[in-house]
Amino acid sequence: MTLPFSIPRIWTLATATVTQLLRMKIMAFLLVFSVIVVAAGFAFPVMNPEQQLKFLKDVSFGALQLFSVVIAVCATALLLPRDLEDRTLYTILSKPVPRFEYLLGKLLGVLILIGAGLLLMDIAFSAVLWLREKLVLAQSVAALKAEGTATAESIAQVEAFVGKQGLTWNLHLGVVAIFFKAAVITALTLMISCFASSTLFTIVISFLITIAGHGQGLIREYFLTGHAGWFKKLLSALLAVVTPDMGVFDIVDNVINGELVTLAALGFMAAIASAYLVGYSVVSHLLFVEKEL
Amino acid sequence: MKRRLQALVVLLILGAAKLPLEETATQHFRTTGLLSAPLSLSLRENLSQMGFAASLGGLRSLVATITYLRAYREWENVNWAKVDGLLQLTTSLQPMYSNYWDEASWHMAYNAASYYENDEKVNAFVREKLAKEHVQRGIAILLEGLRYLPDDVRLWNSLAEIYERRSKEPRQAAVAYLQVYRLTGNNRYARFAAYQYVQTTDPELWKKAYELLRAAYEKKSQRTPSLIENLKTLEERLNIPLMKRIPDPRPKIENATIEVKPGR
């Protein structure tokens, strides 16, 4: 049995997309992120140890989310217009490359770039958090010793207290949730760019849908349980159907506070992200296949 | 045109099919504590437009940190109303993080209340009134926090301490200490609860205190000076038969008394 598409062709397009984006100096944000993390890691030393570590995690995860969303929208929105502008698109499509393979290659390329970026940022953030945790712990134990209260029990309590806000495997699952969200936004932006008339239009509409998607939980509750009139309900139902629910990926806030990400939760997020990736890719193909180039 | 219609149909089918999945996932995440309750729209009035959008956009934790830091600055400026307002915002954004509740109540019940207690610019009556109001505000913050985190040891302990040291309500302090004891199993909190019961004027609560302290007395490691002192007091108050009383710790020296320090 032969597959209806060529994996090597898609892979070639994906790696070419990664190279194309790297040439746009898009990874410069990694440097900015590192500066933010290091600054957050050593800012506000007057706060209590737990709060210092929480502050570092809040700022780092905030930056991770912001960068992943911005890259997902901007990098994807630039791809098709750039290929049209420098005529790469015609060179590719004049060869026996189906249009959906071209789209899948582009999508995969952006996802690889975001995934690699998040991985690097996660490594940098983990290193700073680990270092900060050790420093805070050493300071707390030294303070106990200076007060003459450094018993085994009190040291264990301080370790547990600081460790609660320190580096755990669970935090990396929070980064996975951020990746899932960025993947959905990437697929959404690619779909919009397939019918958009300009890059600016793609960026603006993608950001608007992303923002609306974060409030989708509220919209859905209003639609399902609200007591509004039929017109308002119809409008909210339409919004709930059209916008993706970004809120289901927003577990990071509570992961920072130590809530454990279960396998079921990870499964839910993976299933929802996959549904959007497949659905939006199909729609992108249907729009792109008819597009006059 | 035909393809565009097909695309629209696929989009609508996807949208309709995903709704139950997203609803189930949201409910699951809320039950397991991975997602907080949706933001109250009343927060919009207190947060800037940018802050509210950021909170909706999955940056609640970051926005909460910023409002917390702003509260910190207002604390340095001794602007208690602003401290209270900003910390209220912080706890609304992150209600599952006990440190914010604890710190908000500490600011009100200790810092703000002490500030007003010592404020020479107002008369004694107003000073006392303002101090009491801020202590009550601290208690209210902790009680609100306990609605979200009913099993949080830190919050129950802080509540007990405020009742004990600031509002001087021993009965409520004892109840809060007993909650800490229930949650941690640490016997010293049972003793603390008993000490608070001793402070009340209710003989029924003295009996409870006596039972708690008598149980603690059975363990040699817990025979602290305070425990013995309180037990002796209760034996007198409850007229415990001499046979059942604990030995007197104070050696009988003529014309001399040894003071037992009120350590815990």
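Hello everyone, let's start with the pattern of chain B: read along the sequence, it goes α-α-α-α-α-α-α-α-α-α-α. That comes to 11 helices and 0 strands. Helices here are DSSP runs of H or I with at least four residues, strands are runs of E with at least two, and both are numbered from the N terminus.

Before going on, some housekeeping. This is a predicted model, in which local features need pLDDT of at least 70 and side-chain atom pairs count only at pLDDT 80 or more, while totals for chains, interfaces and linings use all residues. Residues are numbered from 1 along each chain as its sequence is written, and chains are lettered from A and ligands numbered from 1 in the order in which they are written.

How confident is the predictor in chain B? Its mean pLDDT is 86, and 88% of the residues of chain B reach 70 or more; pLDDT is the predictor's confidence in each residue, from 0 to 100. Within chain B, helix 2 (residues 43-46) has the lowest confidence, with a mean of 65, and helix 7 (residues 153-166) the highest, at 95. For the complex, the predictor gives an ipTM of 0.81 and a pTM of 0.80.

In chain B, buried residues make up 37% of the 264. Buried means that 20 or more other C-beta atoms, placed from the backbone, lie within 10 Å of the residue's own.

Next, contacts: two residues are in contact if their C-beta atoms, placed from the backbone, lie within 7 Å. Take contacts between residues at least 6 apart in sequence. In chain A, 81% of these join residues at least 24 apart; in chain B, 50% do.

So where do the chains meet? Contacts link 38 residues of chain B with 44 residues of chain A. On the chain B side, helix 1 (2-31) and helix 3 (49-76) each supply at least two residues. Helix 1 of chain B gives the largest share of that side, 19 residues. By class, the side of chain B that touches chain A has 19 nonpolar, 13 polar and 6 charged residues. Nonpolar covers Ala, Val, Leu, Ile, Met, Phe, Trp, Tyr, Cys and Pro, charged covers Asp, Glu, Lys and Arg, and the others, Gly among them, are polar.

Let me finish with two helix pairs in chain B. Helix 4 (residues 80-93) and helix 5 (residues 98-117) of chain B have axes that come within 9 Å and cross at roughly 170°. Axes are lines fitted to C-alpha atoms, for helices over the stretch in contact, and angles run from 0 to 180 degrees between N-to-C directions. That angle makes helix 4 of chain B roughly antiparallel to helix 5 of chain B, a term for angles over 145 degrees. Residues making this contact include B:Trp80 and B:Leu87 of helix 4 of chain B, and B:Trp101 and B:Tyr115 of helix 5 of chain B.

The other pair is helix 8 (residues 170-184) and helix 9 (residues 187-199) of chain B, packed at about 165° with axes 8 Å apart. Helix 8 and helix 9 of chain B are therefore roughly antiparallel to each other. Among the residues in contact are B:Tyr177 and B:Tyr181 of helix 8 of chain B, and B:Phe192 and B:Tyr197 of helix 9 of chain B. This contact divides into 12 nonpolar, 3 polar and no charged residues.

Notes
Angles under 35 degrees count as roughly parallel, over 145 as roughly antiparallel, 65 to 115 as roughly perpendicular and the rest as oblique. A residue is buried if 20 or more other C-beta atoms lie within 10 Å of its own, exposed if 12 or fewer, and partly exposed in between; C-beta atoms are placed from the backbone.
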